[in-house]
Each structure stands twice: as C-alpha cells, then as structure tokens.
Amino acid sequence: MRKITIVGAGAVGATAAFAIAESALAEEIVIVDINRDRADGTAWDIAHGIPLIRPVKVYEGSYKDSAESDLTIITVGVPEKVGESRLVPLQKNADILSSIVPQIVKNSPDGLILVVTNPVDILTYITSRIAGLPQGRVLGLGTVLDSSRLCCMLSRDFAVNGRSIQAYMIGEDGDSQVAAFSLAHIAGVSIEAYAAAVKKPLPKDYLEKIRAEVTESAFDVWKKKGSNCYCVADAIKTVAQAILRDERSILPVSSLMTGQYGVENICLSLPSIVGNAGVIQTLELPLTDREKELFQQSGKLLKDYVSQIRF
C-alpha cells in the first residue's frame with residue numbers, strides 16, 4: 001500500500017494533497033501541520049469528495065502517524081518578505097527543517113523526501129545534510145515548474161501543444177536560473193529551426209525575453225492572486241508519480257551536485273532520471289559554454305548563502 005505524508009497544510013500543501021488524492025497515486029495520505037485544526041479541515045475537505053473518486057484514506061496526523069511513508073513532501077516554511085534579507089527566512093526555515101527532518105527519517109527510514117519549500121535548492125541541500133540518507137533519496141522540486149512555464153510560453157507563441165515541446169530551466173529555482181535553450185526542441189529540432197520551418201519570424205531578443213518572462217511569472221501571479229498553488233501542485237504530483245510508479249521519468253529536479261559542470265556540494269536542478277529510488281541519475285548533457293558558466297555562477301551564489309546559515 002503506497003503512503004504519502006505532506007508536511008504543511010497551507011495553500012501549496014493542501015492543493016498538493018487534493019491533486020494527489022485525485023490522481024490515485026497513493027492509498028493513504030497523511031497531512032501534518034503544527035496547526036492541527038487546519039490540517040484536519042483540509043483532510044476532511046478532501047475526504048468528503050472521496051466517494052466521488054477512487055478510494056483513498058486522507059487524514060490529519062502526527063509524525064508517528066506518518067510512519068512507513070514511501071514519500072514525504074515538505075511544503076511548510078516561512079515565506080520571504082519584500083525588503084527583508086533573504087537570510088532571515090532562510091535561517092528560520094533551516095531551523096524548522098532541523099526540527100522536522102529527524103522525525104521524518106525516524107518514522108520513515110526507507111522513504112524518500114521531496115522538498116518544495118522555497119528557496120528549494122538551499123533547503124534541499126540542508127535537508128539532505130540533516131537527513132543523512134543515501135544519495136538521491138532527498139530531492140527538491142527544483143525547476144520542474146519553471147521548465148513547465150517555459151514550455152507554456154513557447155506553446156503560446158508557437159500555437160502547439162506544450163507536451164510537444166521539450167525545454168528545461170536549470171540551476172537555481174530563482175533569479176539565477178538558466179534557460180538551457182541548447183537542449184530545447186520542438187518536433188525534434190531547435191526553437192530557431194522550428195520557427196524557420198513554420199515561417200515564424202523571431203525577434204533577435206526573443207529567447208532572452210522568454211527567459212525573463214519565465215523567471216518573473218511566479219511573482220506576476222502572486223501579485224494578482226497570492227500563492228502559486230495549482231501549478232505547484234501539478235509539479236509535485238508529476239514528481240510523486242515518477243517516484244511511486246517508478247517511471248524513470250526525466251525531470252529537472254534539484255539534487256546534490258557531485259561535479260556536474262564543475263559544481264559540487266550544493267543542490268541545483270538538472271534533468272535527472274527519477275524513479276522509486278529517487279534521483280537515479282543526474283544527466284550531464286551538452287550545454288553551450290555560456291550556459292555552463294551561468295550554471296556555475298548559480299551554484300556559487302547558493303553556496304555563498306549556505307555558508308551563512310546554521311544547521
């Protein structure tokens with residue numbers, strides 16, 4: 001019987017619980033939150049609709065109730081505030097992880113951990129250090145959603161189904177993320193080649209404008225409605241599905257770098273083979289020299305932040 005625990009019953013955690021319940025990925029979903037009423041309300045809100053979909057047991061519980069989870073998803077955390085140093089919420093979130101990760105590992109020593117809380121790469125690194133689990137069993141949502149956003153923008157501009165496009169954002173899930181356009185293709189050819197084939201002229205700065213739009217789009221949504229939760233839940237469900245169904249899907253999740261493109265000892269996103277063992281292999285695909293340089297800069301930036309955090 002497949003079991004998932006979601007830590008955090010806020011907008012992202014609650015929406016992820018609903019998406020996972022709808023997808024019938026697990027037979028049991030435990031929602032853990034310091035606010036037990038909120039977690040219980042979320043569980044019941046989902047459970048009331050269970051007779052209309054495939055059966056799944058959804059309930060509020062403690063870390064003890066989460067025992068023997070195949071996958072624990074961490075969505076809890078302190079958000080960044082406008083005008084506040086990034087180090088302030090970072091340290092607070094590191095403190096939260098220091099208190100919850102040992103409980104997760106104690107109760108589900110054979111399970112995997114998926115970190116969603118932002119900044120996801122740094123917190124994935126901290127979680128992996130605290131958990132002490134084998135390589136690949138702690139991973140972050142990384143740029144799975146950013147890559148989907150990139151495909152969404154290209155789908156809009158070229159009027160084709162986004163599933164016909166393969167494109168990756170890599171590096172940090174944040175301002176220093178890299179659009180790996182050298183790996184992007186539509187119908188098996190580069191974006192420029194496809195544009196020429198369908199006789200669609202592209203401005204010289206088209207790719208840079210798309211990269212900027214992807215990077216800024218989450219904030220644009222936040223300004224209009226608050227939390228980005230539906231698209232995040234879809235990304236979480238995609239990674240959870242790859243793990244629980246052992247799909248060996250290639251997804252740009254965040255994991256510990258071990259020398260890829262000259263970067264190590266920090267978590268960043270690269271296309272990776274994901275299955276029931278977690279990150280089975282992180283792929284080092286051909287990038288341009290500029291993309292490699294930007295990826296390295298992304299790693300250095302995050303290492304500088306990590307060096308200032310206690311955990």
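At what angle do the axes of helix H4 and helix H9 cross? I took this up first in the notebook. The model is predicted.

**Entry: the helix pair**

I looked up H4, residues 120–131, and H9, residues 289–306. Their axes cross at roughly 60° and come within 10 Å. Angles of 65 to 115 degrees would count as roughly perpendicular, and those under 35 as roughly parallel. H4 and H9 are therefore oblique to each other. I also checked the hand of the crossing, and for H4 and H9 it is right-handed.

**Entry: the contact residues**

Which residues of H4 meet H9? I found Asp 121, Ile 122 and Tyr 125 on the H4 side. From H9, the partners are Leu 302, Tyr 305 and Val 306. I then sorted the residues of this contact by class: five are nonpolar, one is charged and none is polar.

**Entry: the sheet**

I turned to the strands next. How many strands form the open sheet with the order E11-E14-E15? I noted three, with antiparallel pairing. Strand E11 (249–251) and strand E15 (278–282) stand at the edges. Each has a single partner strand, so one side of each is left without a neighbour in the sheet. From one strand to the next, I read an average twist of 40°.

**Entry: the E11 and E14 pairing**

I followed E11 to its partner, strand E14, which covers residues 272–275. The two run antiparallel and are joined by three bridges. Which residue of E14 stands opposite Ser 249? I logged Val 274 in that place.

Notes:
Residues numbered from 1 in each chain as written. Predicted model: local features only at pLDDT ≥ 70, side-chain atom pairs only at ≥ 80, totals over all residues. Heavy atoms only, no water. Axes fitted to C-alpha atoms, helices over the stretch in contact; angles between N-to-C directions. Helix = DSSP H or I, 4+ residues; strand = E, 2+ residues; numbered from the N terminus. Parallel < 35°, antiparallel > 145°, perpendicular 65-115°, else oblique. Left-handed = near helix turned anticlockwise from the far one by under 90°. Contact = heavy atoms within 4.5 Å. Nonpolar A, V, L, I, M, F, W, Y, C, P; charged D, E, K, R; others polar. Pairing = 2+ DSSP bridges.
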